[in-house]
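Subject: Handing over a structure, with notes

Dear colleague,

I am passing this structure on to you, together with some notes on what I found when going through it. Please look at the sequence and the structure before reading further.

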Amino acid sequence: MQCIDCVFLMNYYNKNVEVDFCVPDDGLLVQVSYRMTDDTARNREIVALQKTAKFIKAKKCMIITYDQEETIHTPDLDVDIEVVPAYKFLLR
């Protein structure tokens, strides 16, 4: 794990679970995926956020993609997963 201005580049591995970025002060987890068009990729990204969010008690979860946008409701988390295109994320 590396710390760059309070952003952790997090390679959290546990049974093939990896999360790309964590901002602990904000309780933010971020995954980056070009596209989540197939079920395998989609499930991999969602499950990684779910497992890690429970572990660190995340307040916000995001998946940054090339062009997809949606909100994923997960019954076992207190937070929704926000899927945003990279250009919208960068304009924030």
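The notes below begin with the overall layout and then turn to the helix, the cores and an aromatic pair.

Please keep in mind throughout that this is a predicted model.

Overall layout

The protein contains 2 helices and 7 strands, and reading along the sequence gives the order β-β-β-β-α-β-β-β-α. Of its 92 residues, 40% are buried. The exposed surface comes to about 6000 Å², and carbon and sulfur atoms supply 52% of that area.

Helix 1

Helix 1 covers residues 39–56, and its 18 residues reach 26 Å from the first C-alpha to the last, which is close to the 26 Å expected at 1.5 Å a residue. At the N-terminal end, helix 1 is capped by Asp38, which places a side-chain oxygen 3.1 Å from the backbone nitrogen of Thr40. Just after the helix comes Lys57, with a positive phi of about 55°, although Lys57 is not a glycine. Lys57 belongs to the loop between helix 1 and strand 5, and its relative accessible area of 66% makes it exposed.

The buried residues of helix 1 are Ala41, Glu45, Ile46, Ala48, Leu49, Gln50, Thr52 and Ala53. Their cover includes strand 4, strand 5, strand 6 and strand 7. As background, an α-helix has 3.6 residues a turn, so residues three or four places apart point the same way.

Setting aside neighbours within four places in sequence, Gln50 is in contact with Thr74, Asp76 and Leu77.

In soluble globular proteins, nonpolar side chains tend to be buried together. In this model the largest nonpolar core has 17 residues, and those with the most contacts inside it are Leu29, Leu49, Ala53, Cys61, Ile63 and Ile81. Two or more residues of this core come from each of helix 1, strand 5 (60–65) and strand 7 (81–85), and helix 1 gives the largest share, with 4 residues.

The aromatic pair

A search of the whole structure for aromatic pairs finds 1. The rings of Tyr34 and Tyr66 have their centres 5.0 Å apart and their planes at an angle of 25°, so this pair is stacked, given that planes under 30 degrees apart count as such. Tyr34 lies in the loop between strand 4 and helix 1, whereas Tyr66 lies in the loop between strand 5 and strand 6, so the pair ties together parts that are 32 residues apart in sequence.

Are these two residues buried or exposed? Tyr34 counts as exposed at 54% relative accessibility, while Tyr66 is partly exposed, its relative accessible area being 48%. Apart from neighbours within four places in sequence, Tyr34 is in contact with Thr65 and Tyr66. The C-alpha atoms of Tyr34 and Thr65 are 4.9 Å apart in space, although 31 residues separate the two in sequence.

With best regards

How values were computed:
Residues numbered from 1 in each chain as written. Predicted model: local features only at pLDDT ≥ 70, side-chain atom pairs only at ≥ 80, totals over all residues. Heavy atoms only, no water. Contact = heavy atoms within 4.5 Å. Buried < 20%, exposed > 50% of the residue type's maximum accessible area, 1.4 Å probe, protein only. Core = buried A, V, L, I, M, F, W, Y, C linked by side-chain atoms within 4.5 Å. Areas by Shrake-Rupley, 256 points an atom, 1.4 Å probe, with all protein chains shown as cover. Expected span 1.5 Å × (residues − 1). Polar contact = N/O pair within 3.5 Å; in protein donor to acceptor, adjacent residues only side chain to side chain. Phe/Tyr/Trp six-rings, centres within 6.5 Å; stacked < 30°, edge-to-face > 60°.
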